[in-house]
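Let's go through this model together, one question at a time. Have the sequence and the coordinates open as you read.

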Amino acid sequence: MISTPVPVHRVVIVGAGFGGLETAYRLAGAPVEVTMVDRRNHHLFQPLLYQVATASLATSEIAWPIRYLLRDRRDITTVFATVTGVDTAGRRVLFDDGDGLPYDTLVLATGARHAYFGHDEWEKFAPGLKTLEDATTLRRHILVAFERAEREDDPKLRAALMTFVIIGAGPTGVELAGTIAELAQHTLPGDFRRIDTRKARVVLIEAGPRVLAGFSDDLSAYAQHALERIGVEVVLQQAVTDCNADGVVYGNTRLAARTLIWAAGVRASPAAEWLAAPADRAGRIEVKPDLSVPGHPEIFAIGDTVTIAAGDGKPVPGIAPAAKQQGRHVAACIKAKLAGRSCEPFRYKHAGSLAQIGKRLAVIDFGKLKLRGAIAWWIWGIAHIYFLIGLRHRLSVALSWLWIYARDQRAARLITQGSSKVTR
Ligand SMILES: Cc1cc2nc3c(=O)[nH]c(=O)nc-3n(C[C@H](O)[C@H](O)[C@H](O)COP(=O)(O)OP(=O)(O)OC[C@H]3O[C@@H](n4cnc5c(N)ncnc54)[C@H](O)[C@@H]3O)c2cc1C
């Protein structure tokens with residue numbers, strides 16, 4: 001008698017970010033066929049994106065082709081496609097080109113995008129930082145602003161070209177502000193003849209009462225003091241009311257600036273809309289305790305695109321370790337279900353928060369243990385190098401940082417994409 005082969009359970013993972021990739025890694029050995037779908041061909045280490053935007057690192061130092069990362073896993077197929085919806089009844093993910101993929105279990109790990117709090121028209125004046133393209137566009141914008149200032153005779157326009165405004169003083173805003181200040185203070189001065197780049201203004205605007213609100217009061221006070229010491233102007237308790245081609249408006253102040261950077265808010269990917277799932281105000285799917293989507297035990301959602309409470313009742317933060325822990329949990333759930341067991345609720349373990357402010361300046365909040373200054377900076381650097389994938393990337397980033405540390409020189413100061421004309 002010829003036996004019909006048992007169909008293999010098909011797992012489709014959408015998004016090869018921190019969450020999706022961890023799910024794929026942890027499904028090794030499970031009786032499943034995995035398809036990884038991403039609209040980009042690379043996995044991106046977002047925590048160091050600001051270093052590409054500020055000419056400290058090259059794009060290839062913080063990103064890896066997804067196919068390369070999964071090359072040894074014969075059970076995983078990589079698909080380069082953009083998902084635009086899910087047919088939950090037919091169990092298919094739908095692509096923007098009309099194609100699609102069937103699934104038995106679906107894992108949505110599609111991350112987040114910028115949120116302009118109802119002012120999407122600000123985006124073209126104050127772009128955010130989420131992708132490699134965002135980072136290289138911003139790098140170009142910052143470097144072109146100095147170039148234009150060098151040959152600008154009008155003092156007002158020169159001042160606007162040399163004013164850099166960062167909106168939002170969370171870790172990304174603080175890291176950007178500190179690094180742009182160091183670029184202007186230490187890296188660029190000797191290279192220009194007509195302008196003194198040390199006179200550049202770096203203004204960090206925050207609507208809340210302190211920088212790094214996720215850290216303890218004393219660490220955030222230290223971070224503010226450290227930023228001010230390296231030349232960043234910190235403006236607190238001021239919500240931005242307009243971003244336009246001339247600059248930014250907050251309170252009664254109209255600040256002329258040619259570079260505005262948005263680091264103030266994120267919104268989840270549209271995954272909740274694809275599923276008509278319950279979501280919070282930021283569009284994050286309100287997943288069940290096991291990270292499945294309500295009404296769909298065969299669909300899991302993880303990372304920045306979901307919201308779930310941690311043990312202390314506060315939402316699990318939108319950070320890489322949380323996405324990875326959720327990826328690990330979902331892989332274990334899929335394996336348990338296939339073995340006829342039930343799935344445990346997800347429990348988040350917070351390891352700590354880190355932020356770099358400048359050279360030899362960082363803060364680390366491990367809960368009971370709080371570190372600041374040079375010691376925190378070294379730990380921050382070692383931790384980030386450790387979390388990069390592969391020896392070559394680790395060595396390359398370590399060398400770039402040691403070079404900046406010793407010589408204040410940033411190797412990635414290349415203006416690419418387009419001509420010498422500034423767009424605004
Ligand atoms: C500038 C910046 C700095 C950060 N700094 C830190 C930090 O210092 N420490 C920290 O822990 N966290 C940091 N984070 C947050 C951290 O990067 C995120 O929490 C983490 O990436 C979330 O992982 P994820 O898997 O949910 O999503 P992501 O890692 O964002 O991955 C989502 C993936 O989904 C893909 N995708 C999205 N939509 C589609 C679609 N429609 N079709 C196909 N593919 C799609 C994307 O291309 C991407 O590969 C930072 C984030 C940013 C933007």
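This is a predicted model: local features need pLDDT of at least 70, side-chain atom pairs count only at pLDDT 80 or more; totals for chains, interfaces and linings use all residues.

Q: Which helices each supply at least two residues of the shell around the ligand?
A: Residues are numbered from 1 along each chain as its sequence is written, and side-chain values use heavy atoms, with hydrogens and water left out. Helices (DSSP runs of H or I, at least four residues) and strands (runs of E, at least two) are numbered from the N terminus. On that basis, the helices that each give at least two shell residues are α1 (18–26) and α9 (320–338).

Q: Which of the 28 residues around the ligand come nearest?
A: The shell divides into 13 nonpolar, 10 polar and five charged residues. Here Ala, Val, Leu, Ile, Met, Phe, Trp, Tyr, Cys and Pro count as nonpolar, Asp, Glu, Lys and Arg as charged, and the others, Gly among them, as polar. Of the 28 residues, those that come nearest are Gly-19, Asp-38, Gln-46, Val-83 and Asp-304.

Q: How much of the ligand's accessible area does the protein cover?
A: A backbone N or O atom of Gly-318 lies 3.1 Å from a ligand oxygen. Accessible areas come from the Shrake-Rupley method with a 1.4 Å probe, and for residues only the protein chains shown count as cover. Of the 1,000 Å² that the ligand has on its own, the protein covers 89%.

Q: Why are Glu-22 and Arg-26 separated by about one helical turn?
A: These two form a salt bridge, with their closest N and O atoms 3.0 Å apart; the term means a side-chain nitrogen of Lys or Arg within 4 Å of a carboxyl oxygen of Asp or Glu. Glu-22 is buried at 7% relative accessible area, whereas Arg-26 is partly exposed at 40%. Buried means under 20% relative accessible area, exposed over 50%, and partly exposed in between (1.4 Å probe, protein chains only). The separation is about one helical turn because the two residues are four residues apart in helix α1.

Q: How many residues apart are Glu-233 and Arg-201?
A: Glu-233 forms a salt bridge with Arg-201, the closest N and O atoms being 2.7 Å apart. This pair links distant parts of the chain, with Glu-233 in strand β13 (232–235) and Arg-201 in strand β12 (201–205), and the separation is 32 residues.

Q: Which side chain does Ser-292 join through a polar contact of 2.7 Å?
A: Ser-292 is found in strand β20 (292–293) and is buried at 3% relative accessible area. A polar contact is a pair of N or O atoms within 3.5 Å; within protein, one must be able to donate a hydrogen and the other to accept it, and residues adjacent in sequence count only if both atoms are side-chain atoms. The partner side chain in the 2.7 Å contact is that of Asp-290.

Q: What is the phi of Arg-360?
A: Arg-360 sits in the loop between β23 (353–358) and β24, and is partly exposed at 37% relative accessibility. Although not a glycine, Arg-360 has a positive phi of about 60 degrees.

Q: What accessible area do Phe-366, Leu-369, Ile-375 and Ile-379 have together?
A: Leu-369 lies in the loop between β24 (361–365) and β25 (370–372), and is partly exposed at 47% relative accessible area. Patches take residues with over 30% relative accessible area and no salt bridge, joining like charges within 9 Å and nonpolar side chains (Val, Leu, Ile, Met, Phe, Trp, Tyr) within 5 Å. The four residues form a nonpolar surface patch whose accessible area together is about 340 Å².

Notes. A residue is near a molecule or strand if one of its heavy atoms lies within 4 Å of it.
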